[in-house]
Amino acid sequence: MTERRAIVTGAGGFIGHHLVRRLKADGFWVRGVDLKYPEFEASAADEFFLLDLRRSAQCAEALARIGEADIAVYHLAANTGGIAFIERHKALITHDNVLIDTHLLEAARKAGVARFLFASSACVYPAYLQQDANVAPLREGDAYPADPEDGYGWEKLFAERECRHYWEDYGLETRVARFHNVYGPLGAYAGGREKSPAAMCRKVAQAADGGEVEIWGDGAQTRSYCYVDDCVEGIRRLMDSEHRTPLNIGQERLVSIDELVDIVAHVAGKRVVKRHIPGALGVRGRTSDNSRLRAVLGWEPLTPLEEGLRHTYRWVADRIATGSRDAAGISGGHRDQPLAVTR
Ligand code: NAD
């Protein structure tokens, strides 16, 4: 049997790192690509290239010298973060991510890669459908007429269309996954790039029993959350499917931020007092409609939030308890990486 080869961009990041582990377990030879190494443990990749994918020559380098096998590119690299980061850095995010996505797609076409999966986001869905906490679940077709999250969401929607055009005009097999709030261990939990589950785990871990936990807004805003192992399973299934239009990868269970904190506090075995303060909020409510996901993949993410948060809380609390040097969540990456590096 010929060796299966995969390239993961964003392999130094949260989901990309988990995906590399999964691809290795599935028997792939894997090249990881990122600006930085994974921050919390060594990558499982066979080789790891430190590259800046905003540069077209470095996108070509990312896909070069990989042999004759059918190459699958899992493209997860992006300048991204939590809602406050996304709302404050729209120029930076659109600039970086347009360059990354555009140059990498073109490099993939030139390199003749077999399949290309793009990590899109539920942020492509229009604001006008997400004004109630008791929101109607979002179906893939709801993305138009377009009114996505300003900056980040517009860029993701544009890149989705680029993927479609590269299929239509050049026959590049593209897949588009729309992730909904992915969480789990080994992701940013402080420093501004973290999302609400990791942030709440950190706040609860740092609070004394009976202490206060700050929550942005009134706590009634809602989301659905997808555990990272489910996300990776969905990525693998979508890549192997023949489905070429965008697909939600998320859970349908809707919870408020207050409920999320209650679950984390329960997992931690602590009583906490919720203090609501002004902060970045994003849309009022958002959840996934998985009808198409079930029909296409015969599967959907089902890890219970309580279970996923138990793993996430334990990991975050451990790091805080041991005073890990990356406690600010912004360290320069894992430094003991025993892998091949180009730059
Ligand atoms: P992450 O920030 O942990 O990982 C992204 C990685 O991309 C980082 O390691 C970063 O260094 C790398 N990167 C950024 N700029 C780069 C550049 N110029 N060249 C090379 N690498 C670069 O984020 P994540 O949560 O793992 O998200 C992965 C993908 O999924 C992203 O495209 C993100 O937009 C998308 N997504 C994530 C979520 C979520 O809830 N985590 C939700 C929707 C969409």
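Guide: The conversation below moves from aromatic rings to charged side chains, cores, cysteines and backbone angles.

Visitor: Before that, what kind of model is this?
Guide: This is a predicted model, in which local features need pLDDT of at least 70 and side-chain atom pairs count only at pLDDT 80 or more, while totals for chains, interfaces and linings use all residues. Residues are numbered from 1 along each chain as its sequence is written, and side-chain values use heavy atoms, with hydrogens and water left out.

Visitor: How many aromatic pairs does a search of the whole structure find?
Guide: The search finds seven aromatic pairs. Rings of Phe, Tyr and Trp (its six-membered ring) pair if their centres lie within 6.5 Å; planes under 30 degrees apart count as stacked, over 60 as edge-to-face and the rest as tilted. One of the pairs is Phe40 with Tyr189, which is tilted, with 6.1 Å centre to centre and 35° between the planes.

Visitor: Where do Phe40 and Tyr189 lie?
Guide: Phe40 is in the loop between β2 (29-34) and β3 (47-50), and Tyr189 is in the loop between β7 (182-183) and α6 (196-206), so the pair ties together parts that are 149 residues apart in sequence. Helices (H or I, at least four residues) and strands (E, at least two) are DSSP runs, numbered from the N terminus.

Visitor: Are these two buried or exposed?
Guide: Both Phe40 and Tyr189 are buried. Buried means under 20% relative accessible area, exposed over 50%, and partly exposed in between (1.4 Å probe, protein chains only). Phe40, Tyr189 and Trp315 also form one aromatic cluster.

Visitor: What about Tyr183 and Tyr225?
Guide: Tyr183 and Tyr225 form an edge-to-face pair, at 6.4 Å centre to centre with 90° between the planes. Tyr183 lies in strand β7 and Tyr225 in the loop between β9 (222-223) and β10 (226-227), so this pair ties together parts that are 42 residues apart in sequence. Tyr183 counts as buried at 3% relative accessibility, and Tyr225 is buried with a relative accessible area of 2%.

Visitor: Now charges: which ring does the charged end of Arg109 sit over?
Guide: The charged end of Arg109 sits over the ring of Tyr170, 4.5 Å from its centre. A charge sits over a ring if NZ of Lys or CZ of Arg is within 6 Å of the ring centre and within 35 degrees of the ring normal. Arg244 lies over the face of Trp167, 3.7 Å from the ring centre.

Visitor: And Glu233, what does its side chain make polar contacts with?
Guide: The Glu233 side chain makes a polar contact of 2.7 Å with the side chain of Arg22, and a polar contact of 2.7 Å also joins it to the side chain of Arg237. A polar contact is a pair of N or O atoms within 3.5 Å; within protein, one must be able to donate a hydrogen and the other to accept it, and residues adjacent in sequence count only if both atoms are side-chain atoms. Glu233 is in helix α7 (residues 228-240) and counts as buried at 19% relative accessibility.

Visitor: Which residues touch the most other members of the largest nonpolar core?
Guide: Tyr74, Phe179 and Ile235 do, in a core of 63 residues. A nonpolar core is a set of buried Ala, Val, Leu, Ile, Met, Phe, Trp, Tyr and Cys residues joined through side-chain atoms within 4.5 Å. A second, separate core of 26 residues includes Ile7, Ala62, Leu105 and Phe118.

Visitor: How many disulfides are found?
Guide: The search of the whole structure finds zero disulfides, a disulfide being a pair of cysteine sulfur atoms within 2.5 Å. The sulfur of Cys59 is 13 Å from the closest cysteine sulfur, in Cys163, which is too far for a bond. Cys123 is in no disulfide either, as the nearest cysteine sulfur, that of Cys231, is 14 Å away.

Visitor: Last topic, the backbone. What joins Tyr144 and Pro145?
Guide: A cis peptide bond joins them, with omega about -5°. Pro145 is in the loop between β5 and α5.

Visitor: What is the phi of Arg65?
Guide: Arg65 has a positive phi of about 50° although it is not a glycine. Arg65 is in the loop between α2 (56-63) and β4 (71-75), and it is exposed, with a relative accessible area of 61%.
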